[in-house]
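Here is a short tour of one protein chain. Keep the picture open while you read, and find each residue as it is named.

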Amino acid sequence: MAKSKFQQAKEDMRKKRELTMETIIVFAEGESKLRAPVKTGHLRRSITHKTEHNENISRGVIGSNVEYDPVIELGSVARNIKAQPHHRPAIEENFGIIGDMIQKGMSLK
């Protein structure tokens with residue numbers, strides 16, 4: 001049975017949404033790596049991303065499995081370590097660019 005135009009449009013938009021999220025999260029990962037402090041380079045190399053898609057939502061997460069990444073990102077009063085944010089600014093400092101990516105990626109043209 002052939003898909004209705006509505007079903008086809010819905011599938012097309014989902015594909016656009018998923019591709020747009022992938023584009024944004026790869027960009028944000030790169031921005032996070034640029035901002036990560038470097039002593040040995042291990043933290044920077046460990047930064048990666050993950051995306052999840054379902055019928056209605058796409059989510060992206062940037063992070064690292066290095067145990068000290070949260071301490072570097074947020075700081076630690078107990079250890080007297082000043083925060084050196086790199087994940088959050090990767091998004092916050094690029095709202096305009098990310099907005100443009102969404103607009104371009106989700107365009108109906």
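A polar contact is a pair of N or O atoms within 3.5 Å; within protein, one must be able to donate a hydrogen and the other to accept it, and residues adjacent in sequence count only if both atoms are side-chain atoms. The side chains of Ser 58 and Arg 17 make such a contact, at 2.7 Å. The model is predicted, so local features need pLDDT of at least 70 and side-chain atom pairs count only at pLDDT 80 or more, while totals for chains, interfaces and linings use all residues. Residues are numbered from 1 along each chain as its sequence is written, and side-chain values use heavy atoms, with hydrogens and water left out.

**Around Ser 58**

Ser 58 sits in strand β2. Helices (H or I, at least four residues) and strands (E, at least two) are DSSP runs, numbered from the N terminus. Is Ser 58 buried or exposed? Ser 58 counts as buried, because its relative accessible area is 15%. The cut-offs are these: buried means under 20% relative accessible area, exposed over 50%, and partly exposed in between (1.4 Å probe, protein chains only).

A second polar contact of 2.7 Å links the side chain of Ser 58 to that of His 53. Contact in general means heavy atoms within 4.5 Å. Not counting residues up to four places away in sequence, Ser 58 touches Arg 17, Glu 18, Met 21, Glu 52 and His 53.

**Helix α1**

Helix α1 covers residues 5-35, which is 31 residues. From first C-alpha to last, α1 reaches 45 Å, close to the 45 Å expected at 1.5 Å a residue. That expected span is 1.5 Å times one less than the number of residues.

Which residues of α1 are buried? They are Arg 17, Thr 20, Met 21, Ile 24, Ile 25, Ala 28, Glu 29, Glu 31 and Ser 32. These buried residues pack against β1 (48-53), β2 (58-63), α4 (87-92) and α5 (95-105).

Take Thr 20, in helix α1. Thr 20 is buried because its relative accessible area is 8%. A polar atom of its side chain lies 2.7 Å from the backbone oxygen of Lys 16. Leaving aside neighbours within four places in sequence, Thr 20 is in contact with Met 101, Ile 102, Gly 105 and Met 106.

**The largest pocket**

A pocket is found on a 1 Å grid over the protein atoms alone: where a 1.4 Å probe fits, it is an open set of points with protein on both sides within 12 Å along at least five of seven lines, and lining residues have an atom within 4 Å of a point. The largest pocket holds about 170 Å³ of space. Its lining includes Arg 17, Glu 18, Glu 55 and Met 106. By class, the lining has two nonpolar, two polar and seven charged residues. Here Ala, Val, Leu, Ile, Met, Phe, Trp, Tyr, Cys and Pro count as nonpolar, Asp, Glu, Lys and Arg as charged, and the others, Gly among them, as polar.

Leu 43 belongs to helix α2 (residues 42-46). Leu 43 is buried because its relative accessible area is 5%. Apart from residues up to four places away in sequence, Leu 43 touches Pro 37, Ser 64, Val 66, Tyr 68, Asp 69, Ile 72 and His 86. Gly 41 lies in the loop between α1 and α2. Gly 41 is also buried, with a relative accessible area of 12%.

Leu 74, in helix α3, is exposed because its relative accessible area is 66%. Gly 75 is in the loop between α3 and α4. With neighbours within four places left aside, Gly 75 is in contact with Pro 70, Ile 81, Lys 82 and Ala 83.

Asn 80 lies in the loop between α3 (69-74) and α4. Asn 80 counts as exposed because its relative accessibility is 71%. Its phi is near 55°, a positive value in a residue other than glycine. Most residues other than glycine have a negative phi.

| Pair | Apart in sequence | C-alpha to C-alpha |
|---|---|---|
| Leu 43 and Ala 9 | 34 residues | 42 Å |
| Gly 41 and Glu 92 | 51 residues | 23 Å |
| Leu 74 and Gly 96 | 22 residues | 24 Å |
| Gly 75 and Pro 85 | 10 residues | 8.4 Å |

Definitions and conventions: Points joined across faces, edges and corners; volume = space filled by probe spheres on them.
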